[in-house]
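Subject: Structure handover

Hello,

Here is the structure I said I would pass on. Please open it first; my notes on what was found follow below.

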Amino acid sequence: MKKIVTLFSLLFLTLLGIITVFPFIYMILGGLMTYREATSIPPTVIPDSFQWVNYFAVFEKAPFIQYFINTSFVSLVTTLATVITSLLAAFALATLEFRYKKVVMVGLISLLMIPYESIIFTNYNTIARLGLLNSYTALILPFLTSIFYIYYLTNYLKSISRSFYQAAKIDGASDMEYIKKILVPMSKPALVTVGILTFISSWNSFLWPLLVTNDKRFRLLNNGLSAFTSESGSDVHLQLAAATLTVLPIVLIYFIFRKEIIQGVAKNGIKG
Amino acid sequence: MIEVIGLQKTFDNGFEALKQVDFAIERGELVCLLGPSGCGKSTMLNLIAGLLQPTDGDIRFNGQSVIKTEPKDRNIGFVFQNYALYPHMTVLENIMFPLLVGDNKKKKAEAKVIAEKYMDLTNIKELQNKKPGTLSGGQQQRVAITRALVQEPEVLLLDEPLSNLDARLRLKIREEIRRLVKEVGITTIFVTHDQEEALSISDKIILLEDGKIQQEDDPQNLYLEPENLFVAKFIGNPIINFLPIEVIDDRVKHASFDLPLSHFIEERFKKSITNGKYYLGIRPEDIFPSDNGPLKGKIQSVELIGRERILHFELAGERVKSIVRVENEITEGTEVTFNLAYPKVFLFSLDGERIY
Amino acid sequence: MGKKNYNSENQLKAWYFLLPALLAIFVFNIYPLFRAFFMSFQKGTLINPRFAGVENYQRLFSDPVFFRALKNTAFYSFTVVPIALILSLAIAWVIFEKVKYKSFFEAIFFMPYVTSTIAIGIVFRYFFNGSYGLINYLLEFVGLPRVNWLDSVSMSMPTLILFGIWTSLAFNIIILLAGFRNIDKEHYKIAKMFGANEWEIFLQITLPQLLPTLTFLLTVNLIGAFKIYTQVYALFGGQAGIAKSAMTAVFYIYDKFHVVGRPGLAMAATLVLFLLILSITFFQQLILKKVGRQR
């Protein structure tokens, strides 16, 4: 009986595993097919020859290189800013003593409940009023910090014994010296997790860039992809190639850092 | 050089950790803040270090108040109970750290020379390239002390430095600590709950309980002349025997014995004694088997600990211990008569005050 | 002897460290909420607002499209979340109990979480295509009729739900695996000594210990499902399904705000959505507390 259960479970798992991975594999393969192969009935699984020319076509039809540069720049800056501001805030909340600290903590936790979709439109308003539409600033400004990561880092830092800070203070270190030389090295795993997850979520962002940019010069990869899809109508093979382009960098980062990413999410249920 | 004046500390939740504490420490003294858990000793140390803020009162170094001064400007070194060695740095980097940060940073080469000088002093030079995680408890402790000394502070503070070490190591290292601080000549305050440790190495002990000083004295005096019942019970291992007695006219009466007050030495009375109930305290080594003594009991059990024998017996239901030499072959079940060394007996009032 | 204004228990410098974060939070998190509330009582354009009292709310509650959006959103949420959770539990259980190379499978199942929904949407659009899609081909292969996944009003929501389930598995599985790892192995040893079989162990030991994790996932998933937007956009190429058959709440809000240009109405809808999410979360916590107490 037990063996049947095991067999059935493994079959179940394999089936679902295939269902999970298959779209990615097909994305890559489909991007290398000709239009005919991509829309053939019955469907082609492996193209006769790899149509690398699809990628050239994609780059020709839409400035994917520009999109790539934009997204890299915006994601990088956002990640850096978020990690720095969250770390400094978490340091204050976890290590320093000051009046109203509890008020700030409670305030932050309650703000976590506000769905980002509720404030996104008013933020658009603010950005528009400042005349910042269609700029890098618009893409970066609202994301200079993350309440969630402040909360996450505060909890993480609390688990680092207070005596390290006290020892450093008695040793004569200033707060910034403590942060640079002791805190950062000791919390590297958490910082790496926060950095990578912020980067990925920034890379995959969609709704906000959709609101504040429609100029191709400032468009991000995800939005560029969806624009390309609607513009290229039925060129499925090109769409799949473009999709692969968008997904590839992240998948690479994922495979290199998957341990840190999975551990980070698992430890604290971080939503992207 | 350190004065604590009228110090009070009440925490946010209302807990009064220290209630009006006053004492002074001379330059070069090795002083112990001793007491059971919760007595306020660690709080006191943290206040002296500047890691906590007093609710009232003052702390002065060399006559100047320091309660508004940051820890780094108080010229102190601190050894934490868990050592707080920076895990990602080597021993050498840990020790050089205080010299490379802050207002009077030194150059790396200069810092290295100073660090090595102190590593020689504490004998840890061969550990310099290891990381703290690979060191034993005793080694980590020595690194922590070295790091605390490297800025050549005026005061060294140690928070339960030996409590994480095993018994044998504790005996060895406490001696080393005493030797080290005396050689360097630094004023030292250390906190512990282990009375034997305090008795063994301190110049002076400040015994705390419930946020108040119970007695401030040199170790031997604390043992021989406790000022109250708490001190008598806390100091000394095995714990002092104490029995409820009643003084009626000229007799000191207990359910199982009756002693003449005349046997008690007149000069030793701190106050005149009146009729009433008291506690009689006598240390196990001051109650001994004797051919004709006023106390009689049947030995219930005998503990053999190396060179001593502890006899357990009861006087009217109260457990009493007597320590004798191991050669004295009294066994379980024997009926024995005991006598007391009257110059060593203590009498305490019911609220603990020392009367005799 | 250095600065003389130190108080170890009230270090004002803490506020310097908090300043950058607090500033950003105030401008982009706190202020917008109040502004949205305020705007919901205005009509006209962004540049030219006029006071409108409760007009927006009245208009909202008499708009059939809004109700369809709410209905769809609710239907989506209450279907996808439980199904995805149960499936994820099953998958996590198999990985944890029956497989040796757990981290390999963990890495595989987590992939959808890190990749762009738009990109995946393109692939799914491709699979679900009525004529050359792989899924219809497979259906025909086993003798079942073809389905018009993407261009039929009645099939929009089901297709969306399938897509939603696929994308929800990743996060759930990872969190559940962490939950499994947290259960003390001693419990299993003891149960096996008493002769319990796998199903009994699962019901009596695993499931109760996973309850906090499941509760957490339920909450997070529900909130996420109610805010769904990108999945719809991705699957239907920018539309809310054919003839708006997959209109969801956020889609409605976006439409009113950006496309039609009636921000006041959009804000009213936003606040209604926000309150809806808040109350559902609240009720869910209430129910779970009751269930927890009964055990």
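Predicted model: local features only at pLDDT ≥ 70, side-chain atom pairs only at ≥ 80, totals over all residues.

B:D249 sits in the loop between β11 and β12 (251-254) of chain B. Its phi is positive, about 55 degrees, although B:D249 is not a glycine.

B:A84 lies in the loop between β6 (76-79) and α2 (91-100) of chain B. Is B:A84 buried or exposed? B:A84 counts as buried, because 25 C-beta neighbours lie inside 10 Å and the cut-off is 20 or more.

One peptide bond in chain B also belongs on this list. The bond from B:N237 to B:P238 is cis, and its omega is near 0 degrees. B:P238 is placed in the loop between α8 (229-234) and β11 (241-248) of chain B. As background, most residues other than glycine have a negative phi, and most peptide bonds are trans.

Chain B as a whole

Chain B contains 8 helices and 20 strands. Its C-alpha trace spans about 75 × 45 × 35 Å along the principal axes. Of its 356 residues, 37% are buried. Among the contacts in chain B with a separation of 6 or more, 65% are made by residues 24 or more positions apart.

Helix α5 of chain B

Helix α5 of chain B covers residues 167-184, which is 18 residues. At 1.5 Å a residue the helix should span 26 Å, and its end C-alpha atoms are 26 Å apart, so the two agree. Which residues of α5(B) are buried? They are B:R174, B:I177, B:L180 and B:V181. These residues cover an arc of only 130 degrees around the axis, so they lie on the same side of α5(B). On the other side of α5(B), the residues B:R168, B:K172, B:E175, B:R179 and B:E183 are exposed. The cover over the buried residues of α5(B) includes β3 (30-34), α3 (108-122), β7 (155-159), β8 (187-192) and α6 (195-201) of chain B. After α5(B) comes B:G185, with a positive phi near 80 degrees.

Chain C as a whole

Chain C has 12 helices and 2 strands. Read from the N terminus, its elements run α-β-β-α-α-α-α-α-α-α-α-α-α-α. For a compact globule of 295 residues the radius of gyration would be near 19 Å, but that of chain C is 24 Å. The C-alpha trace of chain C spans about 80 × 70 × 40 Å along its principal axes. Of the 295 residues in this chain, 40% count as buried. Residues 24 or more positions apart account for 67% of the chain C contacts with a separation of 6 or more.

Where chains A and C meet

How many residues does each chain bring to the contact between chain C and chain A? Chain C brings 69 residues and chain A brings 73 residues. On the side of chain C that touches chain A, the largest share, 13 residues, comes from helix α1 (residues 14-39) of chain C. By class, that side of chain C has 50 nonpolar, 12 polar and 7 charged residues.

Helix α1(C) has 26 residues and should span 38 Å at 1.5 Å a residue; its end C-alpha atoms are 35 Å apart, which agrees. α1(C) bends by about 40 degrees at C:F26. Several residues of α1(C) are buried, among them C:F17, C:L18, C:I25, C:F28, C:P32 and C:M39.

From chain A, one residue is worth a look. A:F121 is found in helix α6 (residues 116-129) of chain A. With 25 other C-beta atoms within 10 Å, A:F121 is buried. Leaving aside neighbours within four places in sequence, A:F121 is in contact with C:F257, C:P263, C:A266, C:M267 and C:T270. A:F121 and A:D175 are 54 residues apart in sequence, and their C-alpha atoms are 38 Å apart in space.

Regards

Methods:
Residues numbered from 1 in each chain as written. Chains lettered and ligands numbered in written order. Helix = DSSP H or I, 4+ residues; strand = E, 2+ residues; numbered from the N terminus. Buried ≥ 20, exposed ≤ 12 C-beta atoms within 10 Å, placed from the backbone. Expected span 1.5 Å × (residues − 1). Arc of directions from axis to C-beta. Contact = placed C-beta atoms within 7 Å. Rg over C-alpha atoms; globule rule 2.2 N^0.38 Å. Nonpolar A, V, L, I, M, F, W, Y, C, P; charged D, E, K, R; others polar. Bend = angle between axes of the 7 residues up to and from the residue.
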